[in-house]
Amino acid sequence: MEKLEHIGIAVKNLEEANQLFARLLGKPHYKIEEVASEGVKTSFFEIGGVKIELLEASTPDSPIARFIEKRGEGIHHLAFEVKDIAKRIAEYAENGFTPLNPQPKAGADNKKICFLHPKTTGGVLIELCEENQ
Ligand code: ZN
């Protein structure tokens, strides 16, 4: 892994959370992006080179809706930047981790992404991400 790229936080109401995090971080979000394939609407803040990704469910059966139902709002995942993500996914699978998708898929913020199942990562949902070239 190259670095912590962002921290994903599940929220019920993106507009309210945007205001809260703007007050908390002292700067506004710099973009909003919907990822229809994942059932999420996201917004991004940047602070000291690390991003905060707020995630609101855009459909009732979105993984974010299910997460909030079970665990409430809060930290949803940690995302680490990797190089050559397809190869990394195969390596993690070989090393006892459980990628949720065998091939990279499209994420927010111009990224290819893959999640590792939290059962295999100490209870923390981990996202691998790589910027599209
Ligand atoms: Zn993310």
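**A zinc site and a chain of salt bridges**

Modeller: In this predicted model, the donors of the zinc ion follow the spacing H-x46-E-x23-H-x49-E along the chain.

Biologist: What makes an atom a donor of the zinc ion here, and which protein atoms are they?

Modeller: A donor has to be an N, O or S atom within 2.8 Å of the metal. His6 (NE2), Glu53 (OE), His77 (NE2) and Glu127 (OE) lie 2.1 to 2.2 Å from the zinc ion, so they count as its protein donors.

Biologist: Why can His77 and Glu127 be said to tie together parts of the chain?

Modeller: His77 lies in strand β5 (residues 74-81) and Glu127 in strand β8 (residues 126-131), so the pair ties together parts that are 50 residues apart in sequence. Both His77 and Glu127 are buried.

Biologist: How do you know that Asp109 and Lys51 form a salt bridge?

Modeller: The rule asks for a side-chain nitrogen of Lys or Arg within 4 Å of a carboxyl oxygen of Asp or Glu. In Asp109 and Lys51 the closest N and O atoms are 2.9 Å apart, so the pair counts as a salt bridge. This pair links distant parts of the chain, 58 residues apart, with Asp109 in the loop between β6 (105-107) and β7 (111-116) and Lys51 in strand β4 (residues 50-57).

Biologist: Which other salt bridge does Asp109 form, and how far apart are N and O there?

Modeller: The side chain of Asp109 also meets that of Lys111 in a salt bridge, at 3.2 Å from N to O. Lys111 in turn forms a salt bridge with Glu131, where the closest N and O atoms are 3.4 Å apart. Lys111 lies in strand β7 and Glu131 in strand β8, so this pair ties together parts that are 20 residues apart in sequence.

Biologist: Which residues are linked in the network of salt bridges?

Modeller: The network links Glu5, Lys31, Glu33, Lys51, Asp109, Lys111 and Glu131.

Note on methods. Residues numbered from 1 in each chain as written. Predicted model: local features only at pLDDT ≥ 70, side-chain atom pairs only at ≥ 80, totals over all residues. Heavy atoms only, no water. Donors = N, O, S within 2.8 Å, 3.2 Å for Na, K, Ca; no water. Helix = DSSP H or I, 4+ residues; strand = E, 2+ residues; numbered from the N terminus. Buried < 20%, exposed > 50% of the residue type's maximum accessible area, 1.4 Å probe, protein only.
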